[in-house]
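Below is a short report on one protein model. It moves from the whole chain to single elements.

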Amino acid sequence: MTREADKDVLDVLACEFELRPLGAPGIDAVAKAALNVKRDGERKLAVSFDPSAQRVVEAFAAAERDCCSTLSWTVETQNGTLRLIVGAQPQQIDVLEAMFTIS
């Protein structure tokens, strides 16, 4: 992504990147462990992971709660599958879905 594209993404997501903890795992670390990315209605994105990724997914979600606090970031385990549920506006879900799918 270009610097301008990065800025556009941060604007859509309403992120305050400077609030993100140093060393926290980023989208690349989490997306490569994703098993499935699925919309759950218009305002939620559900990303499934193998339970072995729990530590990195929880650290990612905690960091996102700091820098993208207008979105909801929930980590849950259901039927042996780890899921990250992101609640956001439809345009934000579009961007997040692309980020998890491309990475």
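Buried means under 20% relative accessible area, exposed over 50%, and partly exposed in between, with a 1.4 Å probe and protein chains only. By that cut-off, 35% of the 103 residues of the protein are buried.

The model is predicted: local features need pLDDT of at least 70, side-chain atom pairs count only at pLDDT 80 or more, and totals for chains, interfaces and linings use all residues. Residues are numbered from 1 along each chain as its sequence is written, and side-chain values use heavy atoms, with hydrogens and water left out.

**Confidence and overall build**

pLDDT is the predictor's confidence in each residue, from 0 to 100. Its average over the protein is 86, and 86% of the residues score at least 70. Residues 1–5 fall below 50, and this stretch has 2 contacts in the model beyond near neighbours in sequence. A contact means heavy atoms within 4.5 Å. Of the contacts between residues at least 6 apart in sequence, 62% join residues at least 24 apart.

The protein exposes about 6100 Å², with 50% supplied by carbon and sulfur atoms. These areas come from the Shrake-Rupley method with a 1.4 Å probe.

There are 4 helices and 4 strands. Helices (H or I, at least four residues) and strands (E, at least two) are DSSP runs, numbered from the N terminus. Their order is α-α-β-β-α-β-β-α.

Strands pair if DSSP finds at least two bridges between them. β1 and β2 pair in the antiparallel sense over 5 bridges. R39 has L45 in β2 as its bridge partner. The hairpin has 4 residues between the strands, and G41 takes a positive phi near 85°.

**Helix α3 and its cover**

α3 has 14 residues. From first C-alpha to last it reaches 20 Å, close to the 20 Å expected at 1.5 Å a residue. That expected span is 1.5 Å times one less than the number of residues. Its buried residues are V57, F60, A61, A63, E64 and C67.

**The β3–β4 loop**

Which residue lies in the loop between β3 and β4? N79 does. Its phi is near 50°, a positive value in a residue other than glycine. N79 counts as exposed, at 80% relative accessibility.
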